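Here is a friendly briefing to read alongside the sequence and the 3D view. Please have both open as you go through the points.

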Amino acid sequence: MPIFQGAIFDVDGVLVDSPHQTAWRDSLRELMESDWSDIRGRTTWSPEAFTSRVYEQYVSGKPRMSGARAALDYFHVPDADQRVGEYAQRKQDMVVRLIEAGDFTAYPDALRFVIAVKDAGLLIADASSSKNAMMLLSKIRLDTFAQQQGITSRRDFAHGKPDPEIFLTAARELGVEPDHAVVLEDAPAGVQAAKAGGMAAIGIARADDTQLLAAAGADIVVTTLDHVDMATLAAGRLAKRKT
């Protein structure tokens, strides 16, 4: 197996415990309890039904409009074509407020992993579907680091995850061939995108979704990046650290 030369990180759920899940859930609740209250009874939605598992399986990792449509389809919201834009915008307004308020935290294991892969000589890129990634990175003071290394967030891509376009672009800008890159993802769609691009994938199961990430094709799945064996990664393989 080739030696890894680049590590490509998703942001939400990998580097930071972002407020996106809260924003998706609460903005839909606001709509169902106000402007959309007349169609609430025709859906399968309830406040308790929008679980972390639903978010991870159907929404996480997708571009905003795709994520909004996936949630509306999951809850059988009628006239989804006409409603998806309103939902996506309400979610965006909410997530910006939450980010500006600092209502999220950086994962300590992710920051340790970033330092470890840099020390191992790997190039690093951020490749997030979220247009809010730089706001999140700036709050944890990784925005300068991202600009110095590589960043593909904030761009419009023809295809969202699980299409590999965003990861292939990140690898190309790092000057790394896909089979020399490892992607770190917390969403099944992101893992699928990495594998479709011919890259290795580490799944980070932060939401009790180990099986979903494994089924998506992750080479290894860990609950914390502290469990990744850095010695074997530096040698071009992926393995969990023996405990």
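In which sense do E5 and strand E6 (residues 200–204) pair, and over how many bridges? The two pair in the parallel sense, over four bridges. Please keep in mind that this is a predicted model, where local features need pLDDT of at least 70, side-chain atom pairs count only at pLDDT 80 or more, and totals for chains, interfaces and linings use all residues. Residues are numbered from 1 along each chain as its sequence is written, and side-chain values use heavy atoms, with hydrogens and water left out.

**The sheet around E5**

- Five strands form an open, parallel sheet in the order E4-E1-E5-E6-E7; strands (E, at least two residues) and helices (H or I, at least four) are DSSP runs numbered from the N terminus, and two strands pair if DSSP finds at least two bridges between them.
- At the edges are strand E4 (123–126) and strand E7 (220–222), each of which pairs on one side only.
- Strand E1 (residues 6–9) runs parallel to E5 and is joined to E5 by four bridges, with phenylalanine 9 opposite leucine 184.

**Burial of E5**

- Five of the five residues of strand E5 (residues 181–185) are buried, so the strand is largely enclosed by the rest of the structure; buried means under 20% relative accessible area, exposed over 50% and partly exposed in between, with a 1.4 Å probe and protein chains only.
- Ala181, Val183 and Glu185 cover one side of E5, and Val182 and Leu184 the other; all are buried.

**Aromatic rings**

- There are five aromatic pairs, counting rings of Phe, Tyr and Trp (its six-membered ring) with centres within 6.5 Å; planes under 30 degrees apart are stacked, over 60 edge-to-face and the rest tilted.
- The rings of phenylalanine 50 and phenylalanine 75 have centres 5.4 Å apart and planes at 50 degrees, so this pair is tilted; both residues are buried.
- Tyrosine 58 and tyrosine 74 also form a tilted pair, because their ring centres are 4.6 Å apart and their planes at 40 degrees.
- Ring pairs link Phe50, Tyr58, Tyr74 and Phe75 into a cluster.

**Charges over rings**

- The charged end of arginine 206 sits over the ring of tyrosine 107, 3.6 Å from its centre; the rule asks for NZ of Lys or CZ of Arg within 6 Å of the ring centre and within 35 degrees of the ring normal.
- Arginine 83 lies over the face of tryptophan 36, at 5.2 Å from the ring centre.
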